[in-house]
Amino acid sequence: MSIAIVDYGAGNLTSVKKAFDWLGHEAIITTDPEKVYRAARVVVPGVGHFAATATIDSNGQRQAIKSAIQAGTPVLGICLGMQWMFASSAEASQLKGLGIFSGECEHFPATVKSPHVGWNQLRCVQTSKLFVNLEQDPFVYFTHSYRAPMDKYTVATCEYGGEFSAAVERDHVFGVQFHPEKSGAPGIKLLEAFCNLPC
Amino acid sequence: MQFAMLTKRIIACLDVDGGRVVKGVKFLNLRDAGDPAELALAHSEAGADEIVLLDISATAEKRKTLLETVRRTARQLFIPFTVGGGIRSLDDASAVFDAGADKVSLNSAAVAHPELITQIAERFGSQAAIVAIDAKRMNESRSYQVFVAGGRTATGRDACDWAREAESRGAGEILLTSIDRDGTGMGFDCELTTAISTSLRIPVIASGGAGSAAHFADVFRDGHADAALAASILHYGITKLGHLKQELAAAGIPMRWPC
């Protein structure tokens, strides 16, 4: 199966590709909107500043991702890629996210250390197509300073200076704030479930 | 049901020299302890929350094997993987990331060229830029000085001041090693760890001196560490990592368990 990992200049994408390689799928890291649109699966990864997502607009990737979603292609946003699927982020409020999920991402409150780095436990609040093979409420690896708000499509939450959306799912569009490629066995199982989705 | 808070991390550290894992006492007397890729995987399966690989090779010839070691180690590793030692430029860092590292740890080069922290943070994100500080207590005073070049060279800089500067330049975490305690098994330096941890917003990884589960509990509780590094305590089977985490969980320290 062909998996396109969208390269918009936000951090190091080797680890994400390595995880799909391990699962035996052909993943390419690409900036090319055509390749994004044609892929059987699209992954929007990314770490770093929300301002980096401006590149998604300037190089035609936004339209390719939107077209892929309309065509029924499963799309997974990871970390910053998930936050970009919301309406916006306070980190760069002049930019627009994809708006598949509602609300604005915000910084952690001053009451906790930031960034939120390390392993934290998920609270699975709705059934999810990606969490099917996982143990209930697994520990996963996070590293982020901004967090996504709760939404009606939130399938897993996490607690750190308050509750936030750790995973969202709307039809065949998925977002995870944590790094499945760095979360040991539960993360690999989640990516495997994404590869094995029907369609 | 009670849901866990952010857990405290146990990070397995592999000091490598010319492609082999070694471990010394107070940075000296190195002994061979195995293959880095095999040990990293074994630690991951035993419950390590992260792996750090520090290249302590002194010669350029031995350093050439580093990228291949990183590549081999990263291939089967699906937990966070940090590489440090001899990273002096953005190009050095990029090569290590390309080989499969998630974070780089900067030490001497960050002291000499602090702008390197910012360059790496801007290109790869702050979460990928760890600044390692080797600190030594100065006589009877409560101050700690930063040493570089594997603990051999004094910089005259105060460890707290340098940690704050590193944070402001974009470091995502501080890896704090007590030179006085390194390899002794006498326990972490909780005073040093508290001083740094309470003056920063970014996480602090305590290192140097682990000899028992109680030492880890002490540095998490009294030292306010967010994570702790374990090296020689692990390779020689002094404490099994799984047992260590179970003991800590039983002592009320939030742990990722089962792994």
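**View 1. The interface between chain A and chain B in the predicted model.** In this predicted model, 28 residues of chain A are in contact with 27 residues of chain B, two residues being in contact if their C-beta atoms, placed from the backbone, lie within 7 Å. On the chain A side, two or more residues each come from helix 1 (14–22), strand 7 (116–121), strand 9 (139–144) and helix 6 (184–195); helices (H or I, at least four residues) and strands (E, at least two) are DSSP runs, numbered from the N terminus. Strand 7 of chain A gives the most, with six residues. Local features need pLDDT of at least 70 and side-chain atom pairs count only at pLDDT 80 or more, whereas totals for chains, interfaces and linings use all residues. Residues are numbered from 1 along each chain as its sequence is written, and chains are lettered from A in the order in which they are written.

View 2. B:P203 lies in the loop between helix 8 (190–197) and strand 11 (204–207) of chain B. This residue counts as buried because 23 other C-beta atoms lie within 10 Å, the cut-offs being 20 or more for buried, 12 or fewer for exposed, and partly exposed in between. Leaving aside neighbours within four places in sequence, B:P203 is in contact with A:K113 and A:V117 as well as with B:E173, B:D226 and B:A227. B:P203 and B:A93 are 110 residues apart in sequence and 21 Å apart in space, C-alpha to C-alpha.

**View 3. The contacts of B:I174.** Beyond neighbours within four places in sequence, the contacts of B:I174 include B:V131, B:I133, B:A163 and B:A166. Also among them are B:I196, B:L200, B:I202, B:V204 and B:I205.
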